[in-house]
Amino acid sequence: QVRLVESGGGLVQPGGSLRLSCAASLRLFSLYAVGWYRQAPGKERELVAAITSGGSTNYADSMKGRFRISRDNAKNTVYLQMNSLKPEDTAVYYCNADPPTNWGTSSYWGQGTQVTVSS
């Protein structure tokens, strides 16, 4: 059963923008912390941005000021707005939903969406 589905990736020129979406089929999704991660070829997966159930956000240093994470709990969706994209942003972007710690359940990962920044 698919729990998280990412969309919105694609090919964009340097300096361009994309908005990624992570649609969840999880009950009580509003209680999950959600993170966007990315993995470039030959590199480890890294955190891009995260948002808590309360709406607090944090970003990797290289994304601050360029990326913005947000959530719409009514739509069970988390977004990643990416501006001023650079070739080094090229990667597969994954969504992760982390349940409250006291639930004792595992987090969920989506299948990823490819972002390619190239002229």
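Author: Begin with pairing: two strands pair if DSSP finds at least two bridges between them. Keep in mind that this model is predicted.

Reader: Which residue stands opposite Arg-38 in β5?

Author: Glu-46 in β5 stands opposite Arg-38. The strands concerned, β4 and β5 (residues 46-51), pair in the antiparallel sense over five bridges.

Reader: What lies between the strands in the hairpin of β4 and β5?

Author: Six residues lie between them, and in this hairpin Gly-42 has a positive phi near 75 degrees.

Reader: How many bridges join β4 to β9?

Author: Seven bridges join β4 (residues 33-39) to β9 (residues 91-98), and these two strands run antiparallel. Trp-36 has Cys-95 of β9 opposite it.

Reader: Now a charged side chain. Is Glu-6 buried or exposed?

Author: Buried means under 20% relative accessible area. Glu-6, which belongs to strand β1 (residues 4-7), is buried.

Reader: Which side chain of opposite charge is nearest to Glu-6?

Author: Arg-45 is the nearest, 7.4 Å away. A salt bridge needs a side-chain nitrogen of Lys or Arg within 4 Å of a carboxyl oxygen of Asp or Glu, and Glu-6 has no salt bridge.

Reader: Which backbone nitrogen does the side chain of Glu-6 reach at 2.7 Å?

Author: That of Cys-95. The Glu-6 side chain also reaches the backbone nitrogen of Gly-112, at 2.9 Å.

Reader: What does Glu-6 touch, not counting residues up to four places away in sequence?

Author: Its contacts include Trp-36, Cys-95 and Gly-112. Ser-21, Cys-22 and Tyr-93 are also among them.

Key:
Residues are numbered from 1 along each chain as its sequence is written. This is a predicted model: local features need pLDDT of at least 70, side-chain atom pairs count only at pLDDT 80 or more; totals for chains, interfaces and linings use all residues. Side-chain values use heavy atoms; hydrogens and water are left out. Helices (H or I, at least four residues) and strands (E, at least two) are DSSP runs, numbered from the N terminus. Buried means under 20% relative accessible area, exposed over 50%, partly exposed in between (1.4 Å probe, protein chains only). Lys and Arg count as positive and Asp and Glu as negative; His and the chain ends are not counted. A polar contact is a pair of N or O atoms within 3.5 Å; within protein, one must be able to donate a hydrogen and the other to accept it, and residues adjacent in sequence count only if both atoms are side-chain atoms. Contact means heavy atoms within 4.5 Å.
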